Amino acid sequence: MDTAGKSYTILLLSAPIGSGHRLAAEALEESFGQYDNIKVIHGSIFDVLPNALRSFILKSYVYISSEKPVIYKRLYAWGNNRDGSLRLRSCINDFFARVLGKYISKINPDAVIATHATPAGIMAAYKKREQGNFYLGAVVTDYTVHRWWLYDDVDCYFIADEELRKEITVKSDVQAFGIPVRNKFIRQNREDCRRRFSWAPDKKICLLMGGGEGMLPMEDIIAGFGGRYPENLHFVAVTGHNEKMRQRLSERFKGEVEIYGFTELVPDLIGGADLIITKAGGLTVSEALAAGLKIIIYSPLPGQETKNAEFLKRHDLASISWTIRELTEHITDFCSREATSCNLKKDLSAKTDAAQEICQYVLNELSKKYGLDHMGKGNYNGRKSSP
């Protein structure tokens, strides 16, 4: 093969179960897009499903995780601890590996990077069944590693922290670069963001965010103050796709709370805020850490959210509130302090270059694979020239 001028095709595979997996892939897409001769394709395994089946799966996930957390807890534990779950996992992966066969062969990727456990497993099954020659990376978007992530055919796992290395029990390469965050969350100027929303310098801005589906009881949280808010507190609620919640908040707290539905302004809102009340999704938490916000996690879901919350609390990166009363006390206490930022004892907040480091690492591995020593002794330097 003539490797001079070799171009690479990178396939990023996510799943729309929660928005974080897609957003991590978007962060990687930004970083890969900085290089010449790199073609990036961002796909979802749900793209090949009929609309009705796709809608059923997503609605079932939202319903179980928000309305039936006990069921969610049992499913998570069953998948993480019982060998029987691995048989189901194999059936799912083998089915989708066949379904996606034409799609993968048409793209013919040099590397596949999965940001969700299911596409990681599907591509591991495809790679084994078809003797695929592509590089397979898995980006774990939580501060824990579920058993369904683990496959011998994954070349490298990219994890949030060195502490998680012991949870990778297969013989793959492991790199602890952090969770990839989009550039717009990293390079925000706090004062500019606050001016954009006309937030007074003396106000403590408290963001209420429950992910894309708005899975946070914002109405109950605000009502927990009984209308007696700390003088310097200003609530900003982002309800995402939860239109019913947005309407309820608008009707009940009009003039008291700044309310947004699904909005592209989230990076600016996070960039200018002081405090965020959220669920413990890996991406939302990582975006807040990148901005240096104080984080309070409210009633995390059993499973990866609880493990994320415990990890962050253990390293003094977040607080956890399990009741509305406890949460209002935490918010009131925060508003009484002069400091506005979290005491980041562990250096996770500094891992803002995770997307770029993952991208560079993958390209270096591809350079080694194709023997492209002319690219800088294993360091891929094919960045686009400045205009």
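This section describes selected helices, strands, cores and cysteines of a predicted model.

Residues are numbered from 1 along each chain as its sequence is written, and side-chain values use heavy atoms, with hydrogens and water left out. Because the model is predicted, local features need pLDDT of at least 70 and side-chain atom pairs count only at pLDDT 80 or more, whereas totals for chains, interfaces and linings use all residues.

Helices and strands are DSSP runs numbered from the N terminus (helices: H or I, at least four residues; strands: E, at least two). Helix α3 covers residues 69-81, and its end C-alpha atoms are 18 Å apart, in agreement with the 18 Å that its 13 residues should span at 1.5 Å a residue. The expected span is 1.5 Å times one less than the number of residues. Burial is judged by relative accessible area: buried means under 20%, exposed over 50%, and partly exposed in between (1.4 Å probe, protein chains only). In α3 the buried residues are Tyr-72, Tyr-76, Gly-79 and Asn-80. Viewed down the axis of α3, these buried residues fall within an arc of 95°, so they line one face of the helix; the arc is that of the directions from the helix axis to the C-beta atoms. An α-helix has 3.6 residues a turn, so residues three or four places apart point the same way. On the face of α3 turned away from the buried side are the exposed residues Val-70, Arg-74 and Asn-81. The cover over the buried residues of α3 includes α2 (51-67), α4 (84-99) and α12 (304-314), where contact means heavy atoms within 4.5 Å.

Helix α14 (residues 354-369) has 16 residues and reaches 23 Å from its first C-alpha to its last, close to the expected 22 Å. Its buried residues include Ile-358, Cys-359, Tyr-361 and Leu-363. Gly-371, which follows α14, has a positive phi, near 70°.

Strand β3 (residues 111-114) is paired with two strands, where pairing requires that DSSP finds at least two bridges. Strand β1 (residues 8-14) pairs with β3 in the parallel sense over four bridges, and Ile-10 stands opposite Ala-111. Strand β4 (residues 135-139) also runs parallel to β3, joined by four bridges, with Gly-137 opposite Ile-113. Ala-111 and Ile-113 point one way from β3, Val-112 and Ala-114 point the other way, and all are buried.

A nonpolar core is a set of buried Ala, Val, Leu, Ile, Met, Phe, Trp, Tyr and Cys residues joined through side-chain atoms within 4.5 Å. The largest such core has 70 residues, of which Tyr-157, Leu-207 and Leu-312 touch the most other members. Helix α6 (residues 117-130) supplies the largest share of this core, seven residues. Apart from this core lies another of 24 residues, including Tyr-8, Ala-27, Tyr-361 and Leu-363. Beyond its neighbours within four places in sequence, Tyr-157 is in contact with residues including Ala-138, Val-140, Trp-149 and Ile-168.

Zero disulfides were found in the whole structure, a disulfide being a pair of cysteine sulfur atoms within 2.5 Å. The sulfur of Cys-156 is 13 Å from the closest cysteine sulfur, that of Cys-359, which is too far for a bond. Cys-156 counts as buried because its relative accessibility is 0%, whereas Cys-91 counts as exposed at 55%.

Lys-244 is found in helix α9 (residues 243-253) and counts as exposed at 64% relative accessibility. Its C-alpha atom is separated by 28 Å from that of Lys-203, 41 residues apart along the chain.
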